Each structure stands twice: as structure tokens, then as C-alpha cells.
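Trainee: I have a model open and would like to go through it with you. Could we look at the packing, the loops and the aromatic rings?

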Amino acid sequence: MSTVDTYKQSRGDTIGLYTFMVAGIAIAGITTWAAVARIIEVLPNRDVTVFADFSGTIASAPIGPDGAPVDVELDTALITAESLPGASVAALVIQQIVLALTVIVVVGCLIGLCRNIIRGRVFSRTNTVLVTTAGFTALAGFALTPFFGNMGANGAFARLSDRTFNNVVLAVDPFALIMVAFVVALASTVFVVGDRMRRDTEGLV
């Protein structure tokens, strides 16, 4: 005889999980819509605005008395170029595709996980695969999305400065990437161990 390996959800837990699923679908839909809109904006390759990170760049801002210019150090800014190199346009399109696919895959996996939990199956091989897939997809998206965005920004810098402005910025914060990887590995380990414990206790009274 096996032990009961399912977990009965309370009404509040079930409502919370369904709410999470609906919110996830909404997030995926909004992200996809925004990605498509951005691709439509970029593809004509005219007056393209890109988000850019700066490193140690000094600029003037009208924040002094009566709007007098004051030197400030730029961190981020939106810059607009009349056109971008073809590789930069492609990078910006790929960025949006990666972003949308990342959100869709992660949300899909988490919705599958929520459905299984609602049905009383918390630790299982299927849930382990779902959590691991969601985690590593999020990790890849976290690294690739800013990488391709930075490629697009570099194209704008090149066109605006005639390739005379050097602005070397890491596309991804290494510490943040390590933290995301740690969380992904931890979540995957928890479900692997939980599934192993469930299988080890099968057959016990």
C-alpha cells in the first residue's frame, strides 16, 4: 500500500493559484503585444530610439539656477539615430523575440506547475522538469535580452558619433546573473529532492 502522495489544496490556495495563472497569461499577452509593437517600430529603420547604458560619460543638464547647465554623469538614456546598421536592427528584433519567447515559456511552465499543484501533485518528475525549464529559460532570457539590446545601442552610438565614441558597458550585470543562476539551481534542487523523497516513501504505510 502506498502513502497518499497528493496534497489537498485549501480553497484560498486554489483561488490564489488560479489568480496567478490568469496574471501570468496577462503578462505574456502584454509582453508579446509590446514586443510586436517594438519590432514594427524598429523595422522601417527611421529615427530609431534605443535604450542605452553609459559608463562614466559626462553631459550637461539644465538643472542649475534659472536652467543653467550643470555637468552630470549619465547612467542610462534614450538616444535616437536617423537609421541603424542592418546588424543593429536585426539585434533589436531578435531582442524582442527572445524577450517574448522567454516570458511565454516561463509563464507556460509555471501555469503547468500551478495546474499540477491544484490537482494535488506537488513533487513529481513533471513538476521538476517544468521548474527547471522555466528557470533556465529565464536565465537565458535575462542574459540575452540586454545583450541584443546593447548591440542595437552600439549601432546607434556608431551612427551618431561616426564611430568615434567608445562606450564599453557590460550587457549583463555579472553579480545579478550569478544570483539568478543560484535561485534557478536552488529551485530545481528543491523539486529534485522533493520528488526523490516522494518516490522513496512510496509503498510505506
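This is a predicted model: local features need pLDDT of at least 70, side-chain atom pairs count only at pLDDT 80 or more; totals for chains, interfaces and linings use all residues.

Trainee: How many residues are in the largest nonpolar core, and which have the most contacts inside it?

Mentor: The largest nonpolar core has 15 residues, and Val107 and Leu113 have the most contacts inside it. A nonpolar core here is a set of buried Ala, Val, Leu, Ile, Met, Phe, Trp, Tyr and Cys residues joined through side-chain atoms within 4.5 Å. Buried means under 20% relative accessible area, exposed over 50%, and partly exposed in between, with a 1.4 Å probe and protein chains only.

Trainee: What is Leu113 in contact with, leaving aside its neighbours within four places in sequence?

Mentor: Leu113 is in contact with Asn127, Leu130, Val131 and Phe191, where contact means heavy atoms within 4.5 Å. There is also a second, separate core of 13 residues, which includes Val42, Leu84, Ala153 and Ala156.

Trainee: What span should H2 have, and how far apart are its end C-alpha atoms?

Mentor: The 33 residues of H2 should span 48 Å at 1.5 Å a residue, and the end C-alpha atoms of H2 are 48 Å apart, which agrees. The expected span is 1.5 Å times one less than the number of residues.

Trainee: Is Asn116 buried or exposed?

Mentor: Asn116 lies in helix H2 and counts as buried because its relative accessibility is 10%. Leaving aside neighbours within four places in sequence, Asn116 is in contact with Arg121, Thr126, Asn127 and Leu130.

Trainee: Where is Arg121 found?

Mentor: Arg121 is found in the loop between H2 and H3. With 38% relative accessibility, Arg121 counts as partly exposed. Just after H2, Gly120 takes a positive phi of about 95°.

Trainee: Changing topic, which loop holds Asp47?

Mentor: Asp47 lies in the loop between H1 and E1, and its phi is near 50°, a positive value in a residue other than glycine. Asp47 is exposed, with a relative accessible area of 54%. Asn45 lies in the loop between H1 and strand E1 (48-61), and the phi of Asn45 is near 55°, again a positive value in a residue other than glycine.

Trainee: And how many aromatic pairs does the count come to?

Mentor: The count comes to 2 aromatic pairs. Rings of Phe, Tyr and Trp (its six-membered ring) pair if their centres lie within 6.5 Å; planes under 30 degrees apart count as stacked, over 60 as edge-to-face and the rest as tilted.

Trainee: Why is the pair of Phe54 and Phe157 edge-to-face?

Mentor: The ring planes of Phe54 and Phe157 are at 80°, with centres 5.3 Å apart, so the pair is edge-to-face. Phe54 lies in strand E1 and Phe157 in helix H3, so the pair ties together parts 103 residues apart in sequence. Phe54 is buried at a relative accessible area of 11%, and Phe157 is buried at 9%.

Definitions and conventions:
Residues are numbered from 1 along each chain as its sequence is written. Side-chain values use heavy atoms; hydrogens and water are left out. Helices (H or I, at least four residues) and strands (E, at least two) are DSSP runs, numbered from the N terminus.
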